[in-house]
Amino acid sequence: MLTVDDITWKAFTDEPQYVEAIFRHGLPELHARIDWQRGVEFLDKELAQVAPRAMANPQIVDKLLRVYLKDGTEEWILIHIEIQSHPEPQFEERMFAYYAAIWLRYRRRVVSVALLADDNPNWRPSRYEQETGGCRVVFDFATLKLIDLNEQVLIDAGDPASLILASFVRSVRTKRMPNVRYQARLEFLRLALERGYNEEEIRQILAFLERAMRLPAELEEQYEQILEEVRRQRGGDLIS
């Protein structure tokens, strides 16, 4: 069963502009090869059909995307979004299992990307390897560690998707600092209001802040009071 964090990440990666922001900031070389103007097709149902059941993990949100490259060819990109706060011993094997299952199903090139949203700076899986009787398998996959992203660059990018991604980075870094996280939510609220985003964009940003940067009850109440004052000043609801 998905946790609140899982659901938040799933919502974020269900929107093409948010996926584009992840690649733009975290995987720039791959981002530059993709023709984003041709769109992103989400193939979650197809992924569910080929996913290796033995490797299933309720704490993983898996996405399968179909995109086109600027050279005119087509790529399949598997994005694993890892939201655990501790290392997962079989993660590398699972990445390989998904890669193999997708390749066997579609017989097309696959790019596997692991997005790690934990706060352990030393956990950086990027390779699965095994060897038996002279037969050797080495599988390297791309890894993006969320806490490696430059938060200020994300904020300065100016677009709503980058601002939300910055809030995810801040949420990881303030996991054990509720007062700092509270101030961070106020900062992102101010930025969302000052930048001239439309009402729908503001609602999306604030909704992600509420889910990604959860606060203790007392601080949550203080934040809601400030948000209610903002609603009165603006003369409308910011969150549907």
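1. E187 is partly exposed, with a relative accessible area of 25%, where partly exposed lies between buried (under 20% relative accessible area) and exposed (over 50%), using a 1.4 Å probe and protein chains only. Its salt-bridge partner is R170, with the closest N and O atoms 3.1 Å apart; R170 counts as buried at 15% relative accessibility. The pair links distant parts of the chain, 17 residues apart, with R170 in helix α7 (residues 160-173) and E187 in helix α8 (residues 178-194).

2. The model is predicted: local features need pLDDT of at least 70, side-chain atom pairs count only at pLDDT 80 or more, and totals for chains, interfaces and linings use all residues. Residues are numbered from 1 along each chain as its sequence is written, and side-chain values use heavy atoms, with hydrogens and water left out.

3. A salt bridge here is a side-chain nitrogen of Lys or Arg within 4 Å of a carboxyl oxygen of Asp or Glu. The count by this rule is 22.

4. E41 and R66 form a salt bridge, their closest N and O atoms being 2.4 Å apart. This pair also links distant parts of the chain, 25 residues apart: E41 is in strand β1 (residues 41-42) and R66 in strand β2 (residues 60-68). Helices (H or I, at least four residues) and strands (E, at least two) are DSSP runs, numbered from the N terminus. E41 is partly exposed at 34%, as is R66 at 22%.

5. Within helix α2 (residues 16-26), E20 and R24 lie four residues apart, about one turn of the helix. Their side chains meet in a salt bridge at 2.9 Å, N to O. E20 is buried at 17%, whereas R24 is partly exposed at 28%.
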